[in-house]
Amino acid sequence: MSAGRRVHRSVVVAALIAAVLVPRSAAAYLNLSVDLRGQTVRLRWASTPVRWFASNRGAPGVSASDFQSAAARAFSTWQAVPTASLSFQFVGFTSASAFDDDGTPTLGFENRPDLERVLGATGFVLDIVTGEIVESDIFFNSAFTWSVAASGNPTAFDVQSVATHEIGHFLGLGHSALGETEPRADGGRRVLASGAVMFPISFGRGNTADRELQPDDIAGISELYPSSTFRARTGVLRGRVLRGGRPVFGAHVIAFNPATGQSIAGFALGDDGSFQIAGLSPGPHVIRVEPLDDADAESFFDGSVDANFSVTFYDRLFVAPKGGAGEQVDITVRPK
Amino acid sequence: MIRLKSHTALFVIACCACLTSTVADAQVRGPAPGRIEVSGGGGWFGGEALGQRDANLRANSATSSPYRLFTTDTQFGAAPVLEARVSVALWRRLGIEGRFGYSRPEIRTSISSDAEQGNTITAVEQMDQYMVDGSVLVMLGRGFGNLAPFVAAGGGYLRQVHEGQTLIDEGHSYHVGGGIKRRLFTHDRRFVKSAGVRGDVRVYLVSNGAAFDTDTHSRVAASGSFFVGF
């Protein structure tokens, strides 16, 4: 199983275990989950610090040492989230390849010209009883040109930005749909803007913006690895997206706080059109529902996504409480 | 909307009110010392703009401005208020007063300029707002017929319970204002010694509460009430 960042749309399969990514409705953004014996289990590391190795193979223009330093900065970005409880430990360099099933979480370059639209991907080995992550590896496709330049290189992809995204997967986060794209002539999509490092499509060469997490990423990782105060200080939005009284599967729901300017999003993935977004700062929020049409649906989860409706705003302000869930909301959308 | 970073203006106004009272002549219109007045009535508590904010996404260029998904403009609405007061005369022209007010203002967020749809939509929340405050009341000496003008200044506590009772915002307020009382009758030897009507206009400086920042915001309130003196 893998989750990767694409240059633009493509599907990469590098299954390490016979598990299927399934949507989890009880999560903001998207958490990676698996079905184990009929139970949906979120992927997460059971204990920290999470130990990791770096491959001793570099790529043109990026030495193994440069690569390790950039990856370490990306790990530090996630570790610095104040509302999450996470830590990492770099163990050393290894000659093992990423995706070797050897019990050593490894990040490194692999030359995969066959994956012409895949910058990187993350794979997992799970404990099939508990769902805990036993091993996770990240490969960076050295068929592309890479850079570790402090301000980026306009002809190369930024290692630290892509590492930040892939480490989100490494920790158990799925893709966020908080972004806008436009079609490209070659059939792919160009990112106009994104509201999450975990958006599935890269900004492109030379862009280093994704070294910095956004509120949606922070809410996601905090919900998965909460600090002792996170749940007491933030609120949860629960609701359903309906059209003609029937549930809408895969609707993308954005909660925007007009006081802070922060947007956090989730998906309506329950059989009844239900969704849940955690990590909201207390106070009124604007709720916007949109069809999932800015990337391939399979970038996010399995299932037939219903995108036949117009952008809809909930006509009430949702008030996020300080701890716990607010009133459940039902949002009715109209067909396009 | 006026935003004040300090309470300086409030104190200036309060000092002016007190100076005005010192030029009063002997024709004091206030109740006798120790008298208690209870009043109840209603009025209007003003609103304010809470501010505009765009829902921005990080643009795919370091040099371009953020990508605006939609724009919001939020107002704290004005609302009718019910209020009750108890005042005690310390001297003929000086008293203290406690007030309780209740109103149900709306927070209204106008949503426009969405990247994918053109309609302007308003999302609303209605809250319960409770205010408890205390004032020093100074009766101005020279009235107009049966009318007794006064000025007041004080401070209090604000409690705003959001829709669904899922969140409570608290704040504090300072106010200055004035008004006029008109006695309809007085009877010094009866249990009910006086009754009348009063009108109040106040400027409140409110801190915290359901605000989008930590500044102090001003709101205007006006009310009318019926009072009974004991």
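## Close-up views of a predicted two-chain model

**View 1. Chain A meets chain B.** In this predicted model, 34 residues of chain A are in contact with 28 residues of chain B. Two residues are in contact if their C-beta atoms, placed from the backbone, lie within 7 Å. On the chain A side, β11 (179–183), β12 (189–194) and β18 (283–290) each give two or more residues. Strands are DSSP runs of E, at least two residues long, numbered from the N terminus. This side of chain A divides into 17 nonpolar, 11 polar and 6 charged residues. Here Ala, Val, Leu, Ile, Met, Phe, Trp, Tyr, Cys and Pro count as nonpolar, Asp, Glu, Lys and Arg as charged, and the others, Gly among them, as polar.

Residues are numbered from 1 along each chain as its sequence is written, and chains are lettered from A and ligands numbered from 1 in the order in which they are written. Local features need pLDDT of at least 70, side-chain atom pairs count only at pLDDT 80 or more, and totals for chains, interfaces and linings use all residues.

**View 2. Strands pair across the two chains.** β12(A) pairs with β3 (residues 48–59) of chain B. The sense is antiparallel, over 2 bridges. Two strands pair if DSSP finds at least two bridges between them. Ser194(A) stands opposite Arg58(B) in β3(B).

**View 3. β18(A) and its partners.** 8 of the 8 residues of β18(A) are buried, so this strand is largely enclosed by the rest of the structure. A residue is buried if 20 or more other C-beta atoms lie within 10 Å of its own, exposed if 12 or fewer, and partly exposed in between. β15 (residues 252–257) of chain A runs antiparallel to β18(A), joined by 5 bridges. There, His252(A) has Glu290(A) as its bridge partner. β20 (residues 318–320) of chain A is also antiparallel to β18(A), with 3 bridges. Gly283(A) is partnered by Ala320(A). β19 (residues 312–313) of chain A pairs with β18(A) over 2 bridges, again antiparallel. Val289(A) faces Thr312(A) in this pairing.

**View 4. The largest nonpolar core.** This core has 108 residues. A nonpolar core is a set of buried Ala, Val, Leu, Ile, Met, Phe, Trp, Tyr and Cys residues joined through C-beta atoms within 7 Å. Val241(A) is among those with the most contacts inside the core. Residues that Val241(A) touches include Val253(A), Phe275(A) and Val289(A), not counting residues up to four places away in sequence.

**View 5. A buried loop residue.** Leu115(A) is found in the loop between β6 (106–110) and β7 (118–126) of chain A. Leu115(A) counts as buried because 23 C-beta neighbours lie inside 10 Å.

Conventions. Helices (H or I, at least four residues) and strands (E, at least two) are DSSP runs, numbered from the N terminus.
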